[in-house]
Amino acid sequence: MLNASNFMDDDNEALYGPKSSRQWPQLGARERLAISVQRGWSEGWAIQVDRIGYSGAAPGLVTTAQKLLVGKTLSERQAWDSVRAINKMFDVA
């Protein structure tokens, strides 16, 4: 199951991701989506979809990351199956 990363609609979007009232972000030329899987803290596997990009200009270029979606599965196989489905839906390369 996937949820918006800021499921509590916290005003601190830099830390928790965009609020649910915002549109899905349009990716610029220097941005991409990244999907990751990691072992959960107590059980299961965590899935994250993040927007990765750059802000500023050289030499002060900074890499930025913003959480968009989070999810949890109970098995590693289910986590990777979910990643493949997300990859296909978002056409992440």
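Predicted model: local features only at pLDDT ≥ 70, side-chain atom pairs only at ≥ 80, totals over all residues.
I then checked Glu13 for a charged partner. Glu13 forms a salt bridge with Arg22, with the closest N and O atoms 2.8 Å apart. Arg22 is exposed, at a relative accessible area of 52%.

Next I turned to Asn6, whose contacts include Glu13. I found Asn6 in the loop between β1 (2–4) and α1 (13–16). Asn6 is buried, at 2% relative accessibility. Beyond its neighbours within four places in sequence, Asn6 is also in contact with Tyr16, Gly17, Pro18 and Lys19. The Asn6 side chain reaches the backbone oxygen of Gly17 at 2.9 Å.

I searched the whole structure for salt bridges and got five. Among them are two in which Asp81 takes part, one with Arg77 and one with Arg84.

For Asp81 and Arg77, I noted 3.9 Å between the closest N and O atoms. The two residues are four apart in helix α2 (residues 76–90), so about one helical turn separates them.

For Arg84 and Asp81, I noted 2.6 Å, N to O. These two are three residues apart in helix α2, which again means a separation of about one helical turn.

I recorded Arg77, Asp81 and Arg84 as linked in a network of salt bridges. On accessibility, I have Asp81 as partly exposed at 37%, Arg77 as exposed at 67% and Arg84 as exposed at 51%.

Technical notes
Residues numbered from 1 in each chain as written. Heavy atoms only, no water. Buried < 20%, exposed > 50% of the residue type's maximum accessible area, 1.4 Å probe, protein only. Polar contact = N/O pair within 3.5 Å; in protein donor to acceptor, adjacent residues only side chain to side chain. Contact = heavy atoms within 4.5 Å. Salt bridge = Lys/Arg side-chain N within 4 Å of Asp/Glu carboxyl O.
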